[in-house]
Amino acid sequence: MALSSTNTLLVLGGGLIGLSIAHSLAKKGYAVEVLSRRRNEAAGFVAAGMLAPHAEGLTGHLLTIGQESLKQIPKWVQTIESDSGIKCGLRNTGIIVPFLSVEDRNKYPTCALGELLNRCDLEKEIPGISSQWKTGLLFEQDGQIDNRRRLMRALEKACVELGVGFQEGIEVLEILHEKNVFCGVLIKTAEGKLQKINCPKAVLCSGAWSQNLLTELPIFPIKGQMFSIQGPKDALKRILFGPGIYLVPRDDGLIIVGATSERNAGFTEGLTPNGQLKLQKGLNSLLPITKSWPHMERWWGFRPCTPDEAPILGSSSIKGLWIASGHYRNGVLLAAITANLLTKTICKESLTKLEHDLLVAFEWKRFSNFQ
Ligand SMILES: Cc1cc2nc3c(=O)[nH]c(=O)nc-3n(C[C@H](O)[C@H](O)[C@H](O)COP(=O)(O)OP(=O)(O)OC[C@H]3O[C@@H](n4cnc5c(N)ncnc54)[C@H](O)[C@@H]3O)c2cc1C
């Protein structure tokens, strides 16, 4: 199969980042073809949807790119909603980070960017919060989006409306290039047939699996397990982000409880009793009143992590192949700016100084000694 026009591009991986880039490039007139192995394995369907550069305590360039993406999200979501006709559940709920002591709070990397809460304020904000939490920080700037039930579906629909092609059940086996110039991919079809697709351009967005396609990428999986409970509507008005455990309330009272962080699990699929117990204990220690609220769903997925826990964005060692991967815990937050930066680079649009600096900060070459 040959897709030869210079305005034709393959997106390798149909997860959150791949869909965001496909949508953005299709709006610029690109003929985009998304090759995706398994829709349901995408971390985009797993994440809690927090938009939390401040509550996560990010620092340096990662904080800057997170804050910049947070600014771009309302307009980005509006475009997706109008292209798809689906509301994405973007909410400015703010996020509260509770602490056991004032010393812990003052040491938090983003302490200066939050509002200080004493025990009394904490109780007012989060009725029923366990008595061990003495103080907190409120980050009004941070929020959430309903990625699992809405954003992913909206992005898929927006892409289809803009004429993006989807090939589901396709595994990309190999990236093909001649003298370091990208020329296509070798795929395995859903029926198990090997086939070449010739194309002049592609973006690698294969999440935690990206290293299988480009060995120079030091991207590895960090498994996360989650569950959800159904609380009374508005019982929890803000996100509660404790150490190792967080609660994200959706507008209908559903609360996402996350997440384990399993560095040694590799790509081992499935829930584990230990992981689920850890989440339940964390939940009890944060908000004991939730004990009587019914459990709804349980799931897991793989965060695409890099050695410095920051994404890899921009060109690769192969001309015509770009990378947008390794977003680790912040892919939902960073989807808007990732789509923007990659689109501008691929379309050769002029960049602001900040955009240029961010592309330099997150280029793959920072790991060029990795093998
Ligand atoms: C438990 C958990 C909680 C999280 N919570 C948050 C949060 O609150 N806020 C936040 O900002 N981020 C969060 N994240 C992170 C976020 O989900 C990820 O960073 C983001 O989804 C990564 O998007 P992606 O498109 O790179 O990867 P994915 O969404 O995983 O998509 C990758 C896609 O590539 C496909 N693929 C892989 N290899 C191939 C191949 N060879 N051929 C064809 N297709 C292939 C896969 O099938 C998959 O569909 C969380 C992640 C997890 C796991």
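Me: How many bridges pair strand β1 with β2, and is the sense parallel or antiparallel?
Reply: Strand β1, residues 8-12, pairs with β2 in the parallel sense over five bridges; pairing here requires at least two DSSP bridges between the strands, and strands are DSSP runs of E with at least two residues, helices runs of H or I with at least four, numbered from the N terminus. Within this pair, Leu12 stands opposite Leu35 of β2. Bear in mind that this is a predicted model, in which local features need pLDDT of at least 70 and side-chain atom pairs count only at pLDDT 80 or more, whereas totals for chains, interfaces and linings use all residues. Numbering starts from 1 along each chain as its sequence is written, and side-chain values use heavy atoms, with hydrogens and water left out.

Me: What's the strand order of the six-stranded open sheet?
Reply: The order is β8-β2-β1-β12-β19-β18, with mixed pairing, and the strands at its edges, β8 (165-168) and β18 (312-315), each pair on one side only.

Me: And which strands make up the open sheet of three?
Reply: That sheet runs β9-β10-β11 and its pairing is antiparallel. Because β9 and β11 (194-198) stand at the edges with a single partner strand each, one side of each has no neighbour in the sheet. Seven bridges join β9 to β10 (residues 181-188), and Glu174 is found opposite Leu186 in β10.

Me: Switching to the ligand: which residues are closest?
Reply: The closest are Glu41, Ala43, Val172, Tyr328 and Arg329, out of 41 residues that surround the ligand, where a residue counts if one of its heavy atoms lies within 4 Å.

Me: Which backbone atoms have a ligand oxygen 2.7 Å or 2.9 Å away?
Reply: A ligand oxygen is 2.7 Å from a polar backbone atom of Ala43, and an oxygen of the ligand is 2.9 Å from a polar backbone atom of Leu333. A ligand nitrogen is 2.9 Å from a polar backbone atom of Val172. Polar contacts are pairs of N or O atoms within 3.5 Å.

Me: How much of the ligand's accessible area does the protein cover?
Reply: The protein covers 99% of the 1,000 Å² that the ligand has on its own, by the Shrake-Rupley method with a 1.4 Å probe.

Me: Which element gives the largest share of the shell?
Reply: Strand β17 does, with four residues; among the other elements that supply at least two residues each are α1 (16-27), β2 (31-36), β9 (171-178) and α7 (331-346).

Note on methods
Polar contact = N/O pair within 3.5 Å; in protein donor to acceptor, adjacent residues only side chain to side chain.
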